[in-house]
Amino acid sequence: MSSSPEGQDMMEVLACNSNQLADDLLSAGSNAGKRQKLVLDYLKVADRDGKSVVVLDFFTYCCINCMHILPNLKRLEHLYPIEEGLVVIGVHSAKFKNEKDSNNIRAAVERYEISHPVVNDNVSAMWRKLRVQCWPTLMILGPRANPLFVIMGEGNFEDLKLYVGSAIRFYKEKGEIQRHSLPLNLSGTGTIASNMKYPGKIACAVPTAIGSDVKDDSNEEPLFAVSDSGNHRILIIDSAGTVLHKIGGKQSGFLDGNFSKARFNAPQGVAFQGPDVLFVADNENHAIRRIDLKSHLVSTVAGNGTQGNDRTGGKTGRDQLLSSPWDVAVYSTRDLDMSFHADETTVPSKDVLLIAMAGIHQIWAIFLEDTIWWKFKKYNAGSCCAIAGSGHEQNRNTSYPHSAAFAQPSGLAINRVAKEVYLADSESSAIRKISLADGKVMAVAGGDRNPLDLFAFGDLDGKQYAAKFQHPLGVAYNPKDSCIYFADTYNHKIKKIDVTTNCATTCEFREANGSIRRFNEPAGLCLDRSGQLLYIADTNNHELLVANLTDGSIRPLKLNFRVPEELDSVGEDRRSGISLKPTRPIKMHPDAGQSTLRLAFNMVFPGQTTKLTEGAPQQWSLELPSTEWSCELTKGTIDTASGQSLQLLIIPPANDAPLNGNDPSPIALNFKLNLCEGDVCFPKEFTVLLEVQYSANEVGHSKVERYDAQETYELQLSRANVSLHQQ
């Protein structure tokens with residue numbers, strides 16, 4: 001390692017030294033002892049005094065590569081927790097204007113389950129000061145903020161683990177790492193009325209049809225599939241919002257099986273193959289899943305839960321590794337050969353599953369049957385391979401599909417008449433299309449003519465390149481009006497493009513009270529079979545909406561779970577856990593101008609030796625009946641040093657009592673505690689469910705300006721039991 005000459009840029013020196021170390025480690029091969037010595041020798045030169053090793057993760061939440069390293073950071077934090085001397089801090093230096101907003105960053109932190117602190121570098125001051133060049137960049141600092149290493153890009157976990165582990169051991173041996181903790185309260189939102197969390201995509205089982213494609217099945221109730229991404233599950237609903245099936249659980253995982261056993265990890269795109277089969281882009285499992293609605297079984301058709309880097313493909317099933325599939329679409333085609341058929345209606349159709357492979361900037365396909373594809377190439381059933389895109393992150397249009405380049409494609413929609421697939425190319429902020437007859441890639445609207453310019457974003461209506469969007473994620477095609485409808489996600493708008501003119505315009509929808517609907521990072525949309533109703537996944541509002549394209553009205557689609565659940569937001573696992581209810585409900589005034597609700601939970605230990613485990617996390621999380629309710633904190637830890645109790649101040653909605661006098665969902669308080677009883681330590685998890693009733697007769701007033709309610713509960717905790725007593 002070379003020392004920093006006077007006046008030389010610190011970041012350039014650090015990058016040079018880190019690259020030299022990386023070359024030396026590569027030369028050392030698998031010799032663990034030699035690799036360890038190289039890193040320790042490096043650290044001796046960079047040594048300063050202090051308390052912790054710090055990893056700064058420079059990221060922006062739109063970036064798929066940044067998302068790819070989050071699991072590695074979680075693994076690192078598990079290996080070296082804060083108490084062992086490692087602190088990970090995210091530095092959010094935004095690409096898009098929308099990403100500079102702290103509320104949007106907070107939502108992304110929760111959506112991606114980031115558990116370390118994140119700093120909003122909204123003017124890129126740290127980015128510029130440290131001369132960071134790309135997302136993601138990891139900078140490893142010594143205990144006095146002295147830069148030790150820099151790692152750029154993804155796929156470097158082994159180097160990261162070696163650098164951090166060596167630095168922690170080096171400073172521990174010098175006695176300069178202090179064992180300490182950080183008072184972290186994770187950001188989170190309360191449960192909302194829809195019981196959804198960051199819904200990503202929505203699809204209709206019956207495609208919009210025109211002319212001779214319209215079938216006489218108008219009495220059949222169409223199904224819709226919703227990827228409830230933040231809850232790691234798929235919902236099957238009807239047009240009225242009745243939940244017919246919940247597939248998967250509230251905890252992420254990668255399991256096939258029946259609907260209750262199967263597990264997903266932040267699923268995104270959904271696409272029907274007929275009324276009984278649904279394909280899912282299981283994004284963070286890097287897999288494509290198949291749901292059979294008749295047999296109630298989930299299976300995996302490609303990917304195995306591990307992120308791949310293959311840009312060609314050709315394998316089948318779990319042998320074919322994938323990288324962050326974000327959307328899927330089913331396309332029916334005849335074999336693309338030179339055969340002649342006197343009656344084209346008798347030619348069998350073959351189904352091909354198209355995949356927006358956001359992680360490696362390509363479009364892939366799974367051939368569901370033996371199929372002859374472009375240039376008469378034959379693919380066997382089950383083959384999974386790249387069909388368009390070089391894998392470079394660019395906005396390159398060309399007649400040769402493998403020479404074209406995409407930038408994080410995230411949405412797909414098929415025009416069956418024109419034999420085209422439209423795609424939301426999120427990082428180029430463009431809507432583009434691929435001919436499904438020969439693979440030609442063409443611009444539709446947005447982005448820039450320069451294929452290397454991925455910063456041509458904005459919020460402008462216009463024709464082709466004159467139009468400007470900001471990170472669009474969802475797209476749908478309506479054959480009734482020949483328009484592409486798309487979610488201009490970071491502009492919080494729904495827009496449409498006339499495919500005959502390539503002109504883009506903003507859609508305006510009005511709610512029942514006449515106000516214009518404001519979206520919050522909508523990410524998915526689809527049309528019903530009539531082409532008159534547009535279903536929208538308003539992701540950061542945790543809500544589904546239905547827009548009428550005829551009159552411009554819009555309404556929420558409230559979900560109705562057919563199987564009663566006390567609180568669906570915790571999921572199926574709660575039914576097998578401990579739920580506690582007090583003897584009487586909380587009384588609130590139905591017509592108060594302003595209300596407050598103070599809750600106190602005091603912990604009592606009947607056994608003399610029972611106590612909260614000293615130094616162990618004592619966690620709680622709050623789930624509220626709807627988004628109209630609020631509380632300053634919805635997650636936190638109990639500070640045992642200041643008393644064994646929890647105090648909450650909740651603000652109910654004003655003048656908004658339910659018609660039936662009861663709030664449809666209770667207040668839920670989830671506890672994850674660690675206790676000791678003598679020499680035995682054990683976890684204790686349970687949920688307190690508090691019913692809310694509105695009754696003016698009970699409180700003795702017909703109308704009041706303000707109403708304050710207060711309830712105190714005693715939690716008796718022991719190894720054998722937990723009980724709730726209302727005081």
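1. A nonpolar core here is a set of buried Ala, Val, Leu, Ile, Met, Phe, Trp, Tyr and Cys residues joined through side-chain atoms within 4.5 Å. Buried means under 20% relative accessible area (1.4 Å probe, protein chains only). The model is predicted: local features need pLDDT of at least 70, side-chain atom pairs count only at pLDDT 80 or more, and totals for chains, interfaces and linings use all residues. Residues are numbered from 1 along each chain as its sequence is written, and side-chain values use heavy atoms, without hydrogens or water.

2. The largest nonpolar core has 40 residues, and V55, L86 and V164 have the most contacts inside it. Elements giving two or more residues include strand 1 (53-59), strand 2 (86-92) and helix 6 (157-173). Helices (H or I, at least four residues) and strands (E, at least two) are DSSP runs, numbered from the N terminus. Helix 6 gives the largest share, nine residues.

3. Check D57 in strand 1. D57 is buried but has no salt bridge; K74, the nearest side chain of opposite charge, is 12 Å away. A salt bridge needs a side-chain nitrogen of Lys or Arg within 4 Å of a carboxyl oxygen of Asp or Glu.

4. Strand 23 (residues 420-425) is largely enclosed by the rest of the structure, because six of its six residues are buried. E420, Y422 and A424 cover one side; V421, L423 and D425 the other.

5. Strand 23 pairs in the antiparallel sense with strand 22 (residues 409-415) over six bridges. Strand 24 (residues 430-435) also pairs with strand 23 in the antiparallel sense, over six bridges. Pairing requires at least two DSSP bridges.

Conventions:
Buried < 20%, exposed > 50% of the residue type's maximum accessible area, 1.4 Å probe, protein only. Lys, Arg positive; Asp, Glu negative; His and termini not counted.
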